Amino acid sequence: MSTKRDYYETLGISKNANEVEIKKAYRRLAVKHHPDKTKGDKHSEEKFKEISEAYEVLSDSSKRQRYDQFGHAGVNGGPGGMGGFDFGGGGQAGSFNDLFGD
């Protein structure tokens, strides 16, 4: 069984980071590890998924609150959790161009 890293550690931010800091950290790391940029690098692909999962939770105030209170069990299908993540192109982990959409 693999243990997940702390989402704040994954993005390299403090627990009191605001939305702007979270987004900035995500974009910096996502550009570096995005599969379109690192074609064939499995380590970067896994890192990108980890970064995207952390961002999806920390950028949503209700998910972040559950994560802060219950850890990974609060957001990953544990008691009161929200289920898994979809990295299929919809949502937060979309294409390389989505990183600079706004």
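User: How many aromatic pairs does a search of the whole structure find?
Analyst: The search finds 3 aromatic pairs. Rings of Phe, Tyr and Trp (its six-membered ring) pair if their centres lie within 6.5 Å; planes under 30 degrees apart count as stacked, over 60 as edge-to-face and the rest as tilted. One of the pairs is Tyr 7 with Tyr 67, a tilted pair with 4.6 Å centre to centre and 35 degrees between the planes.

User: What sort of model is this, and how are residues numbered?
Analyst: It is a predicted model: local features need pLDDT of at least 70, side-chain atom pairs count only at pLDDT 80 or more, and totals for chains, interfaces and linings use all residues. Residues are numbered from 1 along each chain as its sequence is written, and side-chain values use heavy atoms, with hydrogens and water left out.

User: Back to Tyr 7 and Tyr 67. Which helices do they lie in?
Analyst: Tyr 7 is in helix H1 (residues 7-11) and Tyr 67 is in helix H4 (residues 61-70), so their pair ties together parts 60 residues apart in sequence. Helices (H or I, at least four residues) and strands (E, at least two) are DSSP runs, numbered from the N terminus.

User: What about Tyr 8 and Tyr 67?
Analyst: Their ring centres are 6.1 Å apart and their planes are at 45 degrees, so this pair is tilted. Tyr 8 lies in helix H1, 59 residues from Tyr 67 in helix H4. Tyr 7, Tyr 8 and Tyr 67 form one aromatic cluster.

User: Is Tyr 8 buried or exposed?
Analyst: Tyr 8 is buried, with a relative accessible area of 1%. Buried means under 20% relative accessible area, exposed over 50%, partly exposed in between (1.4 Å probe, protein chains only). Tyr 67 is buried at 6% relative accessibility, and Tyr 7 is buried too.

User: Which residues of H4 are buried?
Analyst: Lys 63, Arg 64 and Tyr 67. They sit on the same side of H4, because they cover an arc of only 100 degrees around the axis. That arc is taken from the directions from the helix axis to the C-beta atoms.

User: What is exposed on the other side of H4?
Analyst: Ser 61, Gln 65 and Gln 69 are exposed there.

User: What follows H4?
Analyst: Gly 71 does, and its phi is positive, near 70 degrees.

User: New topic. Where does Ala 30 lie?
Analyst: Ala 30 is in helix H2 (residues 19-33). Ala 30 counts as buried, at 0% relative accessibility.
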